[in-house]
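Here is a short report on one structure. Please read it with the sequence and the model side by side.

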There are 2 protein chains.
Amino acid sequence: MRNLNSVSLSAIRVIEAIARTGSLVRAAEELGATPGALSQRLSKAEASLGQPLFVRLSTGLRPTESCARIVPRLTLALTELSASLTELKRSESTTLTVTVAPIFASRWLIWRIGRFNQKYPTISLRLLPTADVIDLDHSDVDVGIRFGRDSAAMDGAFKLIDQRVFPVCSPELSRSIQKPQDLFQFPIIRENDQLSGWEVWLAALGLGHPEMKAGPTYADGSLCLDAAMLGQGIFMAWQTLASDALERGQVVAPFPNRVLSGASYWFITNRWSVQKPAVRQFREWLGEEMACSLRYWETC
Amino acid sequence: MRNLNSVSLSAIRVIEAIARTGSLVRAAEELGATPGALSQRLSKAEASLGQPLFVRLSTGLRPTESCARIVPRLTLALTELSASLTELKRSESTTLTVTVAPIFASRWLIWRIGRFNQKYPTISLRLLPTADVIDLDHSDVDVGIRFGRDSAAMDGAFKLIDQRVFPVCSPELSRSIQKPQDLFQFPIIRENDQLSGWEVWLAALGLGHPEMKAGPTYADGSLCLDAAMLGQGIFMAWQTLASDALERGQVVAPFPNRVLSGASYWFITNRWSVQKPAVRQFREWLGEEMACSLRYWETC
DNA sequence: GTTTCGCATTTAGAAAATCTAAATGCGATC
DNA sequence: GATCGCATTTAGATTTTCTAAATGCGAAAC
C-alpha cells in the first residue's frame, strides 16, 4: 500500500488508459484532458518508477513488456473503484433515512409508510426514531422531521403543518360534555406535569383560567393519549398525535375548535441530500398525507 | 470508468485509509500527510459525491452505511494497484534487455552468456540482436552494445574495448606466410566490397599500398570469417569477431600486430536503467570477459 | 464541575501539481 | 517531397494541495 505514495494515482489512470487505447490522443479524449497533459503525467510516472512504460512508435504508444503485464490488473482495479463509486451513488439515491421524534413516528408516520412504499417502490425509507436532534449535515441521515416553535425556524427548513391543539377524551366521557366548562369535571391528563396547549385553547375560546382537576401524568404524549382512550381524563392533543385514534373512534374531540399552538412540524434536510430526488418525493408525499389528514379532521 | 473523473483518486485513497484506521490522525500518518490536508480532501470528495461519507464522532470518524459498504472493495482495488506497481518494480529489476549488433552477439556474446547466468542466476538477460540503432531512452531496452568511431562517442557511453584489427587466415594458408608481404599472394576477403582495416594495419607496420588480389565479398564480417576458415583467403578481423575461432584453431593470426582501428565498443544505457543494479553488474561482467579475451590474444 | 486531552476542522498563505495552447519534431503515407 | 497524424516540449497560467497554527468540540480525568 505504501507503494502508492510513489506514483500519483492519476498517473496510474493515465497509464491504463494509454495502454488500453494505444494512443495518447484517444486516452486524452477518454480522460477529458489534452494529450500534452497526459504526456507530462506519463513522463513523471516513468521517472518516478525509474523505467519507461511505453515504447514510442510513430503510430502511437505501445506498452513495454513489464507494463503490458500489469495493465490487466490496473484495468481491473480501476474498474473496481469505478463500480464502487457507482454503487455509492446508487445506494445513496434509493435509500432515504429520516429522523423523527418517536411519538410522531409511532402515532402517525409508520401507519402511512406502507403507502409511500407503494408509490415509490424503489426508495427504501428508513426511520430513525430519536428524541434528540441530530446535526444532519454531519450524519448519514437525509431528512429530519422536527417539531418546534415557529420563531426558531431554522435555515432551509420547510414547514409541513402548523400544530393545532384540541381536547380529546374517551367516547364515554364525551357524552357528559356539552360546553367547554364541562371538561373540567374530569381530570386533566398531563405530559411531564405540563399542561401545554391549554392556555392557547382556552384563550381562543374566550375562557379564562378555570380550575383544572389533577390528573395522571405521563412521560410523553403518546401515553397521555392512551390514558385518554381509557377514560382517565381529558388530554390536550394535536393533529398528528390523535389523528388515527379519532378516525377509529378510540377518542373523540368534543369541540371542533382546533387552535394554533404557535409551533409547527418542520421538514429539514441534510445539506447534501437537498438535491436527491427521493428527498423531494418524500417531502411532497408527506405534504399530501398531511393535507389528507387535515381534510378528515375538518369534516368531523 | 468515466465515474473516476468525478472524484480524485487520491481522495479515494484517503477515504479508504480513514475508513480502515477509523481516524484522521492515523490515516494521515499512514499516507504521510497532515490531518488537515486529509480533512480537506475528504470534504471535497464528499462535496463532489453529494453525500457525507463519514459520521463525525468525538472519538474519530465512522463511515456512513453506504461508505462502509464499499470500503472493502476500495481496499481490494487499492491493494491490487499497489501489488501491480510492486510487480512492475520487481520484473524491472530482474530482467535486462540488451541490444547488440548480430555479429557481436553471434561471434562473441552468446558464447559467454552462460557464464553470466551462472554468476547472476536471478537476472534474466535478453538479447535483442538488431543492426539498427535504437533510441534506448524511448524503448524498453536497458542496454546497448554499439560499435562506433571514438569521435562519435555519445553522452553517457562507457567504452568497453578499443577495436584492434589484424589479418587472419586458415592454418593451411598461414604455413606459406612468414612476412607481411606473403599475405598478398592470397585473395583478400572483403566485407561489402570494402577493405576496412587494412589501411591502418599496413600503416602501423610501415608498409605502403601493396597490390591486393581480388577475393570473395560477403555481406557481413561473420561470413567473411567463415570464408577465411575455409581457406578462401585473408581477412582483416578484429578481437571480438575472431576470438573464439582463434582459440579453437579454426583460424590463425600469422602476425602478432593488433592495430587500433580508431573505433571501439561502447556500452550505452537507457537513461532509466542507469541505476539498475543489473546494469552495473552486466557492465562489470562484460569488462571482465573482454579483459579475459584480451589476455588470451596477447599470449598467442 | 472544571480542566484537560484527543480529536477533527478551519483558515490563510505558501508550495506544488497540473493544465492549456502553441510550437516542435518525427515517421509514415500519399 | 509534401502532408498528415501523432507524441512531445515549452512557458506561463491556473488549480490543487499542502502546511502550520488556530479553533472548536466532546469525553474523560481530576
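Is B:Asp162 buried, partly exposed or exposed? B:Asp162 is partly exposed, with a relative accessible area of 29%. Here buried means under 20% relative accessible area, exposed over 50%, and partly exposed in between (1.4 Å probe, protein chains only).

## Basis of the model

This is a predicted model: local features need pLDDT of at least 70, side-chain atom pairs count only at pLDDT 80 or more, and totals for chains, interfaces and linings use all residues. Residues are numbered from 1 along each chain as its sequence is written, chains are lettered from A and ligands numbered from 1 in the order in which they are written, and side-chain values use heavy atoms, with hydrogens and water left out.

## Around B:Asp162

B:Asp162 sits in strand S6 (residues 158-168) of chain B. Helices (H or I, at least four residues) and strands (E, at least two) are DSSP runs, numbered from the N terminus. The side chain of B:Asp162 makes a polar contact with the side chain of B:Lys159 (2.9 Å). A polar contact is a pair of N or O atoms within 3.5 Å; within protein, one must be able to donate a hydrogen and the other to accept it, and residues adjacent in sequence count only if both atoms are side-chain atoms.

Neighbours within four places in sequence aside, B:Asp162 is in contact with B:Asp150, B:Gln239, B:Leu260, B:Ala263 and B:Ser264. Contact means heavy atoms within 4.5 Å. B:Phe116 is 46 residues from B:Asp162 along the chain, and their C-alpha atoms are separated by 22 Å.

## Helix H10 of chain B

B:Gln239 also belongs to the buried part of H10(B). In this helix (residues 239-247), 8 of the 9 residues are buried, so the rest of the structure largely encloses it. After H10(B) comes B:Gly249, with a positive phi near 75°.

## The DNA-facing surface

Phosphate oxygens of DNA strand C lie 2.4 Å from a polar backbone atom of B:Leu24 and 3.0 Å from one of B:Val25. For B:Arg56, a polar side-chain atom is 2.2 Å from a phosphate oxygen. Elements giving two or more residues to this surface are helix H3 (35-49) of chain A, plus helix H2 (24-31), helix H3 (35-49) and strand S2 (60-63) of chain B.

## The sheet of chain A

Six strands form an open sheet with mixed pairing, in the order S4-S3-S5-S10-S6-S9 (chain A). Strands S4 (124-129) and S9 (235-238) stand at the edges with a single partner each, so one side of each has no neighbour in the sheet. The twist averages 25° from one strand to the next. Two strands pair if DSSP finds at least two bridges between them.

S6(A) (residues 158-168) runs antiparallel to S10(A), joined by 6 bridges. A:Phe158 stands opposite A:Phe267 in S10(A). Helix H10 (residues 239-247) of chain A packs on the sheet and touches S6, S9 and S10 of chain A.

## A buried lysine

A:Lys276 lies in the loop between strand S10 (259-269) and helix H11 (277-299) of chain A. It counts as buried, at 6% relative accessibility. Its side chain makes a polar contact with that of A:Asp142 (3.1 Å).

Key: Axes are lines fitted to C-alpha atoms, for helices over the stretch in contact, and angles run from 0 to 180 degrees between N-to-C directions.
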